[in-house]
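Subject: Structure handover

Hello,

Here is the structure I said I would pass on. My notes on it follow below the entry.

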Amino acid sequence: MAILEVDRKDQFSPLKNAPGSGVDCPETSRADLIAQCIRFAEAAGATVQVPEGTDARFEISPLVSYAGEGLESLRGKTLSGNQLIEDIEDVVTV
């Protein structure tokens, strides 16, 4: 048996309630995933800019980076907060 202690915000987002319930629902799980992708980009040295009055829709495909690795080329860039990064070379900057 093995027990791992992990940061909950990086490893777990419950999804057990119906859409629109506000807690442990698809919307909160998506928001948690987006927040994790923003943390990955910021840890690599990028800034993610979300247009005022909109929700972030910033995702990094697991084919690009599974746990924040390989994002060094984002260092110093300001990224649009509304994009899906499927190829590290096609990043939308502001």
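This is a predicted model: local features need pLDDT of at least 70, side-chain atom pairs count only at pLDDT 80 or more; totals for chains, interfaces and linings use all residues.

Overall figures

The C-alpha trace spans about 40 × 35 × 20 Å along its principal axes. The protein has 94 residues, and 29% of them are buried. Its accessible surface is about 6500 Å², with 52% of that belonging to carbon and sulfur atoms. Taking contacts between residues at least 6 apart in sequence, 45% join residues that are at least 24 apart. As for charge, there are 8 positive and 16 negative side chains, and the centres of the two sets lie 4 Å apart.

Salt bridges

The structure holds three salt bridges.

- Arg 39 and Asp 10 are joined through their side chains, with an N to O distance of 2.7 Å. Arg 39 belongs to helix α2 and Asp 10 to helix α1, so the pair ties together parts that are 29 residues apart in sequence. Arg 39 is partly exposed at 26% relative accessibility, and Asp 10 is partly exposed with a relative accessible area of 27%.

- Arg 30 pairs with Glu 59, and their closest N and O atoms are 3.1 Å apart. This bridge also links distant parts of the chain, since Arg 30 is in helix α2 and Glu 59 is in strand β2 (residues 57-60), 29 residues away. Arg 30 counts as partly exposed at 37% relative accessibility. Glu 59 has a relative accessible area of 19% and is buried; the cut-off for buried is under 20%.

- Asp 24 and Lys 16 form a salt bridge at 3.6 Å, N to O. Lys 16 is exposed, its relative accessible area being 64%. Asp 24 sits in the loop between α1 (8-11) and α2 (26-43). The backbone of Asp 24 may be of interest to you as well: its phi is near 50°, a positive value in a residue other than glycine.

A buried loop residue

Is Leu 74 buried or exposed? Leu 74 lies in the loop between β2 and β3 (78-80), and its relative accessible area is 0%, so it counts as buried. Beyond its neighbours within four places in sequence, Leu 74 is in contact with Ala 41, Ala 44, Gly 45, Ala 46, Leu 79, Ile 88 and Val 91. One of these, Ala 46, is 28 residues from Leu 74 in sequence, while the two C-alpha atoms are 5.4 Å apart in space.

A charged patch

Which residues form the negative surface patch? They are Glu 86, Asp 87, Glu 89 and Asp 90. Of these, Glu 89 lies in the segment after β4 (82-85). Glu 89 is exposed, with 65% relative accessible area. Patch members must have over 30% relative accessible area and no salt bridge, so residues paired in a bridge are left out of any patch.

If you open the file, I would start with the salt bridge between Arg 39 and Asp 10, then turn to Leu 74 and its contacts, and end at the patch that includes Glu 89.

Regards

Key. Residues are numbered from 1 along each chain as its sequence is written. Side-chain values use heavy atoms; hydrogens and water are left out. Patches are made of residues with over 30% relative accessible area and no salt bridge: like charges are joined within 9 Å, nonpolar side chains (Val, Leu, Ile, Met, Phe, Trp, Tyr) within 5 Å. Accessible areas come from the Shrake-Rupley method with a 1.4 Å probe; for residues, only the protein chains shown count as cover. A salt bridge is a side-chain nitrogen of Lys or Arg within 4 Å of a carboxyl oxygen of Asp or Glu. Lys and Arg count as positive and Asp and Glu as negative; His and the chain ends are not counted. The place of a charge is taken as NZ of Lys, CZ of Arg, CG of Asp or CD of Glu. Helices (H or I, at least four residues) and strands (E, at least two) are DSSP runs, numbered from the N terminus. Buried means under 20% relative accessible area, exposed over 50%, partly exposed in between (1.4 Å probe, protein chains only). Contact means heavy atoms within 4.5 Å.
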